Structures are given as structure tokens and as C-alpha cells.
Amino acid sequence: MDFTQLSMFVSVVETGSISEAARQVHRVPSNLTTRIRQLEEELGVNLFIRENQRLRVSPAGQNFYQYSKRLLALANEARFSVTGDVPSGLLPLGSLESTAAIRIPDLLARFNQRYPSVQLTLTTGPSGDMIESVLSGRLAAAFTDVPFKNPALEYRSLCNEEMVIIAPGSHSPVHRAKEVDGANLYAFKANCSYRHHFEAWFQADNARPGHIYEMESWHGILACVIAGAGLAMIPRAMLAIMPGAHQVNIWPVSEAWRWRETALIWRKDSLTPQLRALINLL
């Protein structure tokens with residue numbers, strides 16, 4: 001087993017295709033097939049389930065994939081520590097939609113200017129999806145809100161977001177959850193920490209929301225609130241850049257519920273030179 005084999009194996013897992021992985025590592029597909037077979041023989045397990053000319057990662061392959069990523073990252077970091085080479089390669093990042101819109105464009109622009117050899121990609125989604133993708137290795141890191149309780153993760157703080165309640169323009173003032181007991185809400189899906197925060201605000205005041213409508217974007221949420229269909233909780237900075245924000249009433253929440261910390265999170269065992277370079281820019 002060598003690092004070339006590990007790199008080939010990781011490429012096949014991440015692309016789901018021998019031919020696409022071969023293109024990435026600049027080899028012919030038959031060479032990858034042979035090297036993967038040799039790796040399986042050496043380990044004495046099937047890393048892939050082969051059926052109907054398709055490859056699926058086996059349970060053993062999933063475990064081996066995580067270790068392979070860590071070994072490759074350590075090898076790359078070791079090489080970088082002695083050669084001083086400029087970081088290069090892939091850096092798949094995730095982010096909350098609001099953070100991607102208002103907090104990190106300048107940071108990512110500076111990173112691209114300083115490290116043009118790094119291929120940076122950005123995926124947006126709710127916090128639950130981002131954390132799961134970091135833990136599974138699909139993302140190297142993600143900008144999401146904290147606190148989160150997982151000993152496998154580390155983080156570097158980015159900013160604090162002020163959360164506000166938005167209501168239709170004709171709505172009476174909102175000072176506490178009891179005043180809107182039973183109101184319909186607009187929020188992201190259940191694995192969004194902003195939604196959990198909104199629901200907890202109700203629970204802390206012995207109140208309950210009505211129906212929670214799950215939306216795909218802040219713009220959709222704002223449009224529904226403008227139409228008079230319910231309430232939402234949103235970062236004030238995100239609201240400030242959205243067309244139509246002047247059509248809703250904005251109400252602050254008490255200090256205990258006002259702020260959500262946003263941070264860059266990553267696996268403790270997956271700190272690559274590319275990621276370290278990004279962290280140093282924060």
C-alpha cells in the first residue's frame with residue numbers, strides 16, 4: 001500500500017467513477033482498476049461493491065476512506081512543512097446561506113488572490129447539512145453557527161450575528177414569544193440551528209408556534225412574511241441586503257436570544273495546508 005494507491009482510492013470514492021477518477025489523477029482507467037484490486041487484495045477486504053457495472057463503497061471502504069483522507073492530509077502537511085511550497089489542490093468549503101452572502105466574499109477573494117493554486121469550491125445549506133458534511137469528509141470545513149457539541153470538531157470564530165424577528169408591516173409590536181403564541185413561522189428545515197433557536201425562543205417563554213413552513217431561501221421567507229402569512233427570525237445583516245426588507249416590521253429579541261456566533265469548523269484530524277492557509281486569513 002502506498003500513497004498513490006490511497007490517492008486513487010480516495011478519488012474513486014469521491015467521484016463515484018473509475019473514469020472520472022482516472023482523469024483527476026492523470027492515469028488510464030485500467031491502471032486505476034488494477035491498483036484498486038491490488039489494494040483490496042493486500043487488505044483482504046472488498047472496498048467496493050460491484051454490481052451491474054457500478055461501484056458502491058462498501059462499509060469497510062467507508063471506514064478506510066476516512067483513514068486514507070487523514071493519511072494523505074498528513075503526508076501533504078509534512079511535505080509542506082519542509083519544502084515551504086505554496087498550498088495547492090482542492091479545498092471544498094460549506095457555508096450558511098447568509099454567511100456566504102454577507103460575511104465571507106471578501107475573505108474568499110483574498111484567499112484566491114493569495115493562493116491561486118488552490119481550487120476552492122463553496123456549497124451552501126443549513127447548519128445540520130454543513131456539520132454532517134464536514135464530519136463525513138465531503139467538506140474540508142464549513143462556516144456555520146456555534147455552539148455545537150462534537151469532540152471531533154474544532155473551530156475559529158468569524159463573527160456574531162444579531163438575530164431579529166420580522167413580521168408583516170401591519171403586525172403589532174413583538175416583545176416576547178407569549179405575544180405571538182400560535183403564530184405561523186417560516187424557517188429552514190428541521191436540521192437548521194437558526195430554526196432551533198427560533199423554536200427555543202418560544203419554548204423559553206412557555207409559548208408554542210403554529211405551523212412551521214419549511215422554506216429553501218431567505219428570500220422566500222421574506223416574501224412570505226411580507227405577504228402577511230407569518231413570522232420569521234433572521235440575521236439583521238442578511239435582512240439589510242435584501243430587496244423588500246423595508247416592507248416588514250423588525251423587532252429585536254432579548255439579550256439572551258439576540259446573538260449567534262458564526263465560525264469556521266473543521267475536523268481535528270483533517271487540517272490540511274490549504275485549510276490552514278484559510279484559517280490564518282480569518
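On one side of helix 3, S30 and E41 are exposed, a label given to residues with over 50% relative accessible area, whereas buried means under 20% and partly exposed lies in between (1.4 Å probe, protein chains only). The model is a predicted one, in which local features need pLDDT of at least 70 and side-chain atom pairs count only at pLDDT 80 or more, while totals for chains, interfaces and linings use all residues. Numbering runs from 1 along each chain as its sequence is written, and side-chain values rest on heavy atoms, with hydrogens and water left out.

Helices (H or I, at least four residues) and strands (E, at least two) are DSSP runs, numbered from the N terminus. L32, R35, I36, L39 and E40 of helix 3 are buried. An α-helix has 3.6 residues a turn, so residues three or four places apart point the same way. Just after helix 3, G44 adopts a positive phi of about 80°.

Turning to the interior, a nonpolar core is a set of buried Ala, Val, Leu, Ile, Met, Phe, Trp, Tyr and Cys residues joined through side-chain atoms within 4.5 Å. The largest such core has 37 residues, of which I165, I166, F198, W201, F202, W218 and I234 touch the most other members. Elements that each supply at least two residues of this core include strand 6 (153-168), helix 8 (193-204) and helix 9 (218-226). Leaving aside residues up to four places away in sequence, F198 touches I165, L185, L231, A232 and M233, where contact means heavy atoms within 4.5 Å. A second, separate core of 20 residues includes L107, L264, L275 and A277.

Rings of Phe, Tyr and Trp (its six-membered ring) pair if their centres lie within 6.5 Å; planes under 30 degrees apart count as stacked, over 60 as edge-to-face and the rest as tilted. The structure holds nine aromatic pairs. F9 and F48 are edge-to-face, because their ring centres are 5.6 Å apart and their planes meet at 65°. This pair links distant parts of the chain, with F9 in helix 1 (residues 3-15) and F48 in strand 1 (residues 48-51), 39 residues apart. F9 is buried at 0% relative accessibility, and F48 is buried at 4%. Together with F64, F9 and F48 form one aromatic cluster.
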